[in-house]
Amino acid sequence: MTASSAENAADSKCSLSGLAPLEAVLFDIDGTLCDSDPLHYQAFRELFLQIGYNDGVPITEEFFIEKIAGKHCDDAVRGLFPDWDLEKGLKFMDEKEVLFRKLAKEQVKPLNGLNKIRKWIEEQGLKRAAVTNAPRPNAELMISLLGLSDFFQAVIIGGECDRAKPFPDPYLKALEVLQVSKDHTFVFEDSVSGIKAGVAAGMPVVGLITRNPESLLMEAKPVFLIRDYDDPNLWAALEELDQKGAPGGTATA
């Protein structure tokens, strides 16, 4: 996975102009606002070693990406602990989240360019929401640590919807809460599960190559991929969108 390959993947499809006039932008949190997956990985790895998971052999990053990253808690539990009852598995996950929040308070940092895209969204007067499979305490902590508590107008939790990602329900709820159209909204996501959810909700998804393999992300059908919010492909697309939505442009309501 290289920066140049991300650019090449995006070059032919780097357009959001069909959304003009833009109404809203929706964000996942983990891996999208910040590179938090290493902290989740560290927390799982430590607790797995404590309980002798996998015969005491530490899990790999590949295992984390395949079995855990982007998945709703219940789904992850069923995959990780097929012989455990759900209650026992969820108790383990609660302990993991406590450890994750401790690590996050010490280490979390925004992705490159996050403040730049925040400023652009605010200047455009767009609506915005965070949409995540993370538990609410995690989501609110991350948003607070990143200084985004006053930025997001809604925080949608997958576990509080009928179905979490990869189903479209969380993103459909965000559209409803913000009172915006899917035809004038796009999504930032970094996981296969999240991209699938946004696409299933009828919106174009810009995928972030934070930790997950580019080839896997492309299978979920993002409109294009970017390295981070400083990526020139993103800003070229936003400039085109801006021009199309401006007075005298060719956008239709």
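Start by selecting Lys88 and Trp84: Lys88 lies over the face of Trp84, 4.3 Å from the ring centre. Keep in mind as you click around that this is a predicted model.

For another contact of this kind, pick Lys96 and Phe100. The charged end of Lys96 sits over the Phe100 ring, at 5.2 Å from its centre.

Ring pairs join Trp84 into a cluster with Tyr41, Phe44, Phe48, Tyr53, Phe63, Phe64, Phe81 and Phe92.

Next, ring–ring geometry. A pair of aromatic rings is described by the distance of the centres and the angle of the planes. The model has 20 aromatic pairs. Select Phe27 and Phe152 for one of them: the pair is edge-to-face, at 5.8 Å centre to centre with 75° between the planes. What does this pair tie together? Phe27 belongs to strand S1 (residues 24–27) and Phe152 to the loop between helix H7 (136–145) and strand S3 (155–157), so the contact links parts 125 residues apart in sequence.

Phe48 is in helix H2 (residues 37–51), while Phe81 is in the loop between helix H4 (73–80) and helix H5 (86–107), so the pair ties together parts 33 residues apart in sequence. Buried or exposed? Both Phe48 and Phe81 are buried.

Definitions and conventions:
Residues are numbered from 1 along each chain as its sequence is written. This is a predicted model: local features need pLDDT of at least 70, side-chain atom pairs count only at pLDDT 80 or more; totals for chains, interfaces and linings use all residues. Side-chain values use heavy atoms; hydrogens and water are left out. Rings of Phe, Tyr and Trp (its six-membered ring) pair if their centres lie within 6.5 Å; planes under 30 degrees apart count as stacked, over 60 as edge-to-face and the rest as tilted. Helices (H or I, at least four residues) and strands (E, at least two) are DSSP runs, numbered from the N terminus. Buried means under 20% relative accessible area, exposed over 50%, partly exposed in between (1.4 Å probe, protein chains only). A charge sits over a ring if NZ of Lys or CZ of Arg is within 6 Å of the ring centre and within 35 degrees of the ring normal.
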